[in-house]
Amino acid sequence: MSTKAKARPATAPVVFTANRLRDGRVVWFGAEGIWQDRIAAVTPFAPEAAETGLAEAQQAERQQQVVGVYAVEVGPGPTPLKFRERLRVSGPSVAAEAA
Amino acid sequence: MNALTYPPHARTYRYDEIDREFLQERIAEFRGQVERRLKGELTEDEFKPLRLMNGLYLQLHAYMLRIAIPYGLLNSAQLRQLGRIARRWDRGFGHFTTRQNIQFNWTRLEDVPAMLEALAEVDMHAIQTSGNCIRNTTTDEYAGASPDEVVDPRVYAEILRQWSTLHPEFTWLPRKFKIAITGSPHDRVAAQVHDVGVLAKRNARGEVGFEVYAGGGLGRTPIIARKLRDWVPEAEFLAYMEAVLRVYNALGQRDNIYKARIKILVRDLGAEFTQMVEREYERMPRDKYRLDPEIVAAIGAHFAPPPFAALQDQPLPEDREFRAWAAASIRAHKQPGYASVTISLKPIGGIPGDASADQMEAVADLAERHSFGEIRVTHVQNLVLPHVRQEDLFTLWQGLRAAGLATPNIGLISDIIACPGMDYCALATARSIPIAQQISERFADLDRQHAIGECFINISGCINACGHHHVAHIGILGVDKRGEEVYQITLGGSATNDASIGELIGPAFSYDTIVDAVETLIATYVAHRTAGERFIDTYRRLGAAPFKEALYAPA
Ligand code: HEM
Ligand code: SF4
């Protein structure tokens, strides 16, 4: 289903991200087991627990609440290690409202 | 419901009852699909092809709805409605694209059926703006207005639209298919980098015919198209197009997405491709496809000239600021006393191609007052008011200025094409919008821009090349290098009659140094140019060497 789910094994703590089905907005999933609007509200899985985390996260995909679940390696914050996912956290780096 | 209060003289194609009924059925169908998806009765795998057929993508931060603007023509009622949609269901703005369409970046799935209803009220939709079908045909933004026009391309673009919309044989092509058509000897549609490019012309007897190119494209493998035919008679136009599509449909490489476009087939087969098209064309029941002159005339009637007044050409008012805007934005018209006006959607430091709902409404009002209610979207991501009285230009300029739409930079270095890049696009490898913003800020001084002269900078956020970087004088491609955004430069591209693919100049630059690199290129050009030479001319005369040296020589 989601294409990026089977990435290489995690070496850093991970959270999961997806788009919410209803409105497409970015959401985050951590050890609490609840999809959240803000990454700050989730607790990362340890690298060893990434597989279990993925299975839990994908449950929401099977229940058709979110789309395109994939793992995101994070540092403290949690803050994604990769730039692309930092943009998913912050939204566009350019003005995203009418001037 | 039908809220059509169209400006009476706008020359956009008008739907009949059958078209409107079809749209209503199609929206009802998609509404049902969205409801089933929201209830969880359809999985994403099941739903994705359905939503894509209706122009709905899923991007980085939200869904994105891409709306077709057939060959870039809008009337004021349609543009006003786009503004309303932006305000009601998006974040108050929209993004005009190089394919003369508009995208809304913050669409919610649950709102899409209502958005489609609102579009249908003004005879618009999002069908065939995605997927492996024939996409929106693009054409010259000055159609029906340009003094050098030989044939009005809108007539044939509309014929192509009717032929390609829901064409059962071409709904599942090996890959997407893009057609551009121009009716003037000066190619303003980038015909040679489209899957099919068409040049409408006339023979000595004044009859209409078409020069047909195929197999051009950008993306991962940029290729300049091959000329298939110098002359296809008007009556045979659809038969010939059908033959091209059939050969592609049968032989395009469906099993490899990187090789599925027609450009790869044409490149690999060469002259053999042309022969296969000819053979297909010969054996087709051509009568079935014959374009009757009456049909052409009936469609042509939609694009008859608006009721122009008998006027004389006029000198422009003296105001210095107005003159600067006019020098960049006004173009000669075939009707004495009129002009075409290009409206820049490239304010200094702004997002190329973005317009706010207020601006869309302002342009709709100004079009109604000054251009028979007609607006065009250009493939450079600007807007055009095609038919403005010269005596109205000053008032129009004041109106545009009040709406923040009078940046006098058309064709200059800050008139940049940029794709959404990583700020919105899920496929991106780097951002493109902020690079465009920084370049336009660096070159903000208008006197300097005029001194530099015509120079096209195009920026793409990944190899798919939606920002046309290959055919820019200075092309910028953002790539990912170990998690970092870096930018490659290509030089010497062109999208017009002398179409060429830019050459990679050397190693990539970082996000922080790419604007300096552009500055270095411009300084090198200014130092070496001879009188009247544009950037591209100097580059073609001297080659890459002086530019390379300036960029990479140890300081
Ligand atoms: C944000 C969502 C978008 C996605 C997912 C997307 C996707 C793609 C892909 C995958 C290609 C490569 C096709 C191929 O080589 O087979 C492509 C090409 C292209 N796209 Fe986009 N694109 C997007 C936005 C845009 C925008 C905003 C524009 C106009 C500004 C645009 C105009 C084009 C053009 C002109 C090409 C190159 C010509 C061609 O090879 O077809 N696209 N796009
Ligand atoms: S070029 Fe790449 S980054 Fe830019 S819009 Fe196209 S697919 Fe997205």
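Student: Let's start with one cysteine in this predicted model. Is B:Cys455 buried or exposed?

Tutor: B:Cys455 is buried, and its relative accessible area is 0%.

Student: How should I read the cysteines when I look for disulfides?

Tutor: The general idea first: a disulfide covalently joins the sulfur atoms of two cysteines. Over all chains of this structure, the search finds zero disulfides. For B:Cys455, the closest cysteine sulfur belongs to B:Cys419 and is 19 Å away, which is too far for a bond.

Student: How do I read a nonpolar core?

Tutor: In soluble globular proteins, nonpolar side chains tend to be buried together. Here the largest nonpolar core has 110 residues, and the members touching the most others are B:Leu82, B:Tyr156, B:Phe210, B:Phe237 and B:Phe273. Helix 6 of chain B (residues 237–251) supplies the largest share, 10 residues. Domain 1 (17–121) and domain 2 (138–301) of chain B both contribute residues, so this core lies between them.

Student: What does B:Phe237 touch, leaving out residues up to four places away in sequence?

Tutor: B:Phe237 touches B:Tyr156, B:Leu160, B:Ile181, B:Val198, B:Phe210, B:Val232 and B:Leu291. There is also a second, separate core of 31 residues, with B:Ile416, B:Ala430, B:Ile452 and B:Ile505 among them.

Student: Which residues other than glycine have a positive phi in chain B?

Tutor: Two cases are worth a look. B:Gln381 has phi near 70 degrees and sits in the loop joining strand 14 (374–377) to strand 15 (383–389) of chain B. B:Gln381 is buried, at a relative accessible area of 1%. For B:His468, phi is near 55 degrees; this residue lies in the loop between strand 17 (457–460) and strand 18 (474–481) of chain B. B:His468 counts as buried too, with 10% relative accessibility.

Student: What pattern does chain A follow along its sequence?

Tutor: The order is β-β-β-α-β-β-α, made of two helices and five strands. Chain A has 99 residues, of which 51% count as buried. Among its contacts with a separation of 6 or more, 55% link residues 24 or more positions apart.

Student: Where is the cis peptide bond in chain A?

Tutor: Look from A:Gly77 to A:Pro78, where omega is near -10 degrees. A:Pro78 belongs to the loop between strand 4 (66–75) and strand 5 (79–80) of chain A.

Technical notes
Residues are numbered from 1 along each chain as its sequence is written. Chains are lettered from A and ligands numbered from 1 in the order in which they are written. This is a predicted model: local features need pLDDT of at least 70, side-chain atom pairs count only at pLDDT 80 or more; totals for chains, interfaces and linings use all residues. Side-chain values use heavy atoms; hydrogens and water are left out. A nonpolar core is a set of buried Ala, Val, Leu, Ile, Met, Phe, Trp, Tyr and Cys residues joined through side-chain atoms within 4.5 Å. Buried means under 20% relative accessible area, exposed over 50%, partly exposed in between (1.4 Å probe, protein chains only). Helices (H or I, at least four residues) and strands (E, at least two) are DSSP runs, numbered from the N terminus. Domain bounds come from an automatic or database domain assignment. Contact means heavy atoms within 4.5 Å. A disulfide is a pair of cysteine sulfur atoms within 2.5 Å.
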